[in-house]
Amino acid sequence: MLKLLHYQILETLSENATTIVYRALKQPENTPVILKTLISDHPQAADIARLRYEYNLVRQLDLPGIAQAQTLEQWQGRPLLVIEDFGGRDLSYWQEQQPFDLEQLLSIGQKIAIALG
């Protein structure tokens, strides 16, 4: 698990082939944050650029329901995206708990479409 000087990792939220996402507390304030970083010790330039792009894109969005990116830090040569934590979970977590029915899927899709619109 990731060990950082100014963050206490609470749990792993998700992991895929290139990135891992943690729920953490920023120290010493105990501010809840989400940390997203690349898994590889030697990440591809394209993966680094993708995380930087995500940071810059989210920084431009000031919309309800969109978690705000706080900073993009460096950790052992990898970018570390720090995002506000409002206590949410990704859709795959909820889908694993109980599959969505059609009405729920349409409601979620509508909310995403409104946020992106």
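I began with R78, which forms a salt bridge with D41, the closest N and O atoms being 3.8 Å apart. For a salt bridge I required a side-chain nitrogen of Lys or Arg within 4 Å of a carboxyl oxygen of Asp or Glu. This pair links distant parts of the chain, with R78 in strand β5 and D41 in the loop between β3 and α1, 37 residues apart. I took helices (H or I, at least four residues) and strands (E, at least two) as DSSP runs, numbered from the N terminus.

R78 is buried at a relative accessible area of 6%, whereas D41 counts as exposed at 55%. Here buried means under 20% relative accessible area, exposed over 50%, and partly exposed in between, with a 1.4 Å probe and protein chains only.

A note on the source: the model is predicted, so local features need pLDDT of at least 70 and side-chain atom pairs count only at pLDDT 80 or more, while totals for chains, interfaces and linings use all residues. Residues are numbered from 1 along each chain as its sequence is written, and side-chain values use heavy atoms, with hydrogens and water left out.

**Other salt bridges**

How many salt bridges does the structure hold? I found five. One of them joins R23 and D85, whose closest N and O atoms are 2.7 Å apart.

K36 lies in strand β3 (residues 31–38) and E54 in helix α1 (residues 45–60), so the pair ties together parts that are 18 residues apart in sequence. Are K36 and E54 buried or exposed, or something in between? K36 counts as buried at 18% relative accessibility, and E54 as partly exposed at 24%.

**The sheet**

Next I traced the strands. Five of them form an open sheet in the order β1-β2-β3-β5-β4, and the pairing is antiparallel. I counted two strands as paired if DSSP finds at least two bridges between them. From one strand to the next, the twist averages 25 degrees.

I checked β3 and β5 in particular: they run antiparallel and are joined by five bridges. T37 has L80 in β5 as its bridge partner.

I found α1 lying across β3, β4 and β5, at about 155 degrees to β4. Axes are lines fitted to C-alpha atoms, for helices over the stretch in contact (heavy atoms within 4.5 Å). Angles run from 0 to 180 degrees between N-to-C directions.

**The whole chain**

Last, I noted the totals. The protein chain has three helices and five strands, in the pattern β-β-β-α-β-β-α-α along the sequence. Of its 117 residues, 28% count as buried. The C-alpha trace spans about 45 × 30 × 25 Å along its principal axes.
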